[in-house]
Amino acid sequence: MNAADKKRLLREMLFARRFEERCYEAYVERKIGGFLHLYPGQEACAIGVMEAARPGHDYVITGYRDHIHAIKCGSDPKEVMAELYGKETGSSKGRGGSMHIFDAKHHFMGGYALVGGPFPLAAGMAKAIQMKGGDEIAICFLGDAANNQGTFHETMNMASVWKLPVLFVCENNLYGIGTAIERSTAELDQYKRVCGYNMAADHCDGQDIEVVMEHAKKAVDYVRSGKGPYFLELKTYRYRGHSMSDSGAYRTKEEIETWAKRDPINILRDRLIEAGEFAMDDFVSMDKEILDEIENVIIKFAEESPEPKVEELEKYVLTEHCPYAKGEMR
Amino acid sequence: MAEMMFWEAVRRAHDEEMARDPLVIAMGEDIGVAGGTYKATRGLFDKYGPERVIDTPISENSFTGLAVGASFLGVRPIVEIMSVNFAWLAMDQIFNSAAKVHYMSGGQLKAPVVIRSPGGTAHQLGAQHSARMEKVFMGIAGLRVVTPSNPRQAYGLLKSAVRCDDPVFINEHELMYNMKGEVPDGEYFHPLEGSECARQGKDVTLFGYNISVHWCLQAAEILSKQYGIEADVIDLYSLSPLDRVGIQASVSKTHHAVIVEEAEAPVGVGAEVMAIINEECFFELDAAPVRVSARNVPIPYNHTLEKAALPNAKSVVEAVRKMFGK
């Protein structure tokens, strides 16, 4: 990877961090409602994996911590923020909210709020790709705790039996809501759990984006070449609680400090500085530029966008016109 | 018009739709090599191959979810859930994914998946194989629910369901697969919405759906011959949405309503139809509407107890006699 690409990725991760922090503020100001699950600490996962895949081409699906996955697939951050504000200009026209960002145009097939729910949906998209003979792959990002759902086991089995082109990325952030992994899960290494399904699997550090990309590239190539599904575990950490209603008090200060030393943004920044390709001043101005964009472009767009019309409350429950419903096709 | 059995009608709809569109697939337990527990997919495995006629593992929630995910990308899956009792396990994917994705994506994604499943009580199958779940499905916004009462509807509703862009649940019945009936020789698309008048009458409306339509028709003959009461029998083949206009029209004609359901009364089809009658045509009523429903028990194994738990044509006749004081 050349220096320009590294700087671009650094900017993307910093943007993701600042975007999420601004969401936090908007939530506190009550501009954003519902549940809000933030991504700080895990930036290298979504951005690193998708950098190794083909954003906008491959079909991506994830859980409710979904803003950054959508943006990396090509979603306009203005539309993501507008969705959080519940506006008609939002990714899902204000009908989805934070947990349900969708952008079909960029093949971001959604954020889902049932833990483990996207596993079979991802396998289904892979089945469709397989039938149509395209060169896309399906990529499913979920957390470690999703692996304790039945859908994990059922889907790993089917994906493997039918050799579906799907990459499962497990962002192991060590907690299922507020319960530590060692208190809920018999096998701590998540990649080992797919052995029983005869599936290719790998694991790596999820904080160093270059490491993530290296492993993700291998995984993506494997799946795209038609060899079948693949499971990649990334060891990572979320700085905030599970959602805004969770203070994260179940974690020790020492643990948080240890992980803060392995911050994905700092790792890449310091590496660039060490290599003489970047200076702290560049970082400061990059940050300023990002904050400026978030405030003056993204937040402004969300604030100024119109609300959905109440008259359109029932739009999208069913498709607008179905000729097979009312006997037009007899 | 050729006469064929219910299962043959379902099979024919599968076959025609799969021959037309290579993205139509069938999935379910034992539907491929074995041809389906009720023969609804017999011979299709040999004709269309294992990629399109898929024997799934016994993982109802995830194979249903897999079908939903495939439908996002234009595949048209017809999922068979072997018994509606097992559909409870797939409720997460039906309720949370299939029915909601179009709405929560602001109209971007569609889930044109068809889920067929036989419900109802059969012959002493016991509490866990005798569920009648239509009441559960019809309460889900974003999901169409239809329930055929004869081979013509079974064929035409499946044809329409495959072509429809919404998720459709088709509630079939374990006892009805060998029922014979006429099916149009040419292609026929039964509307997914509305209701059908199965018998014309002026005195009382008997609302039925799926198997209870047949109890209503038997009861109507008895009522006509023995009591001089002429029943209008309305077949509610669409349970979601229910045909408000059709319900209102018949009750406005007969001024009497009896709703017949194989399921238990609480929170059921009868309750919903009564609510619609109240909302649409309360002042047309000459008597309080009545439900004829199953007793509110898990279905017992014992033959006598099982029969006692369920309504039949006789209980419909009794309800109408009571209503008319005869």
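**Entry 1: the β6–β12 pairing in chain B.** I looked up the bridge partner of V145(B) and found S240(B), in β12(B). β6(B) and β12(B) pair in the antiparallel sense over 2 bridges. For strands to count as paired, DSSP must find at least two bridges between them. Helices (H or I, at least four residues) and strands (E, at least two) are taken as DSSP runs, numbered from the N terminus. I note that the model is predicted: local features need pLDDT of at least 70 and side-chain atom pairs pLDDT 80 or more, while totals for chains, interfaces and linings use all residues. Residues are numbered from 1 along each chain as its sequence is written, and chains are lettered from A and ligands numbered from 1 in the order in which they are written.

Entry 2: I then checked the peptide bond from S240(B) to P241(B), which is cis, with omega near 0°. P241(B) is placed in the loop between β12 and α10 (244-254) of chain B.

**Entry 3: the sheet of chain B.** I traced an open sheet of 7 strands in chain B, in the order β3-β2-β4-β5-β7-β6-β12, with mixed pairing. β3 (53-55) and β12 (238-240) of chain B stand at the edges with a single partner strand each, so one side of each has no neighbour in the sheet. On average, neighbouring strands of this sheet are turned by 20° against each other, direction ignored. For such angles, axes are lines fitted to C-alpha atoms, for helices over the stretch in contact, and values run from 0 to 180 degrees between N-to-C directions. I found α3(B) lying across β2 (24-28), β4 (76-80) and β5 (114-119) of chain B, at about 165° to β4(B).

**Entry 4: the domains of chain B.** Chain B is divided into domain 1 (2-183) and domain 2 (196-324), with bounds from an automatic or database domain assignment. Taken over C-alpha atoms, the centres of domain 1 and domain 2 of chain B are 26 Å apart. I recorded 24 residues of domain 1 of chain B in contact with 20 residues of domain 2 of chain B, where contact requires C-beta atoms, placed from the backbone, within 7 Å. On the domain 1 side, α7 (134-137), β6 (144-146), α8 (151-163) and β7 (168-173) of chain B each supply at least two residues. That side of domain 1 of chain B divides into 10 nonpolar, 10 polar and 4 charged residues. Here Ala, Val, Leu, Ile, Met, Phe, Trp, Tyr, Cys and Pro count as nonpolar, Asp, Glu, Lys and Arg as charged, and the others, Gly among them, as polar.

**Entry 5: the interface of the chains.** The contact takes 44 residues from chain B and 39 from chain A. Which helix of chain B gives the most to the side that touches chain A? I found α3(B), with 10 residues. The side of chain B that touches chain A holds 20 nonpolar, 17 polar and 7 charged residues.

I followed α3(B) to its crossing with α6 (residues 150-161) of chain A: the axes come within 8 Å and cross at roughly 65°. α6(A) passes α3(B) in a right-handed crossing; a crossing is left-handed if the near helix is turned anticlockwise from the far one by less than a right angle, and right-handed if clockwise. Among the residues in this contact are E154(A) and M158(A) of α6(A) and F63(B) and L66(B) of α3(B). By class, the contact of α6(A) with α3(B) has 3 nonpolar, 6 polar and 1 charged.

**Entry 6: helix α1 of chain A.** I found the axes of α1 (residues 3-28) and α10 (residues 264-274) of chain A coming within 10 Å and crossing at roughly 150°. α1(A) is therefore roughly antiparallel to α10(A), the term for angles over 145 degrees. α1(A) passes α10(A) in a left-handed crossing. The contact of α1(A) with α10(A) has 8 nonpolar, no polar and 4 charged residues. In the loop between α1 and α2 (43-52) of chain A I located R30(A); phi of R30(A) is near 65°, a positive value in a residue other than glycine.

**Entry 7: the sheet of chain A.** In chain A, 6 strands form an open sheet in the order β2-β1-β3-β4-β8-β7, with parallel pairing. The twist averages 15° from one strand to the next.

Key. Two residues are in contact if their C-beta atoms, placed from the backbone, lie within 7 Å. Angles under 35 degrees count as roughly parallel, over 145 as roughly antiparallel, 65 to 115 as roughly perpendicular and the rest as oblique.
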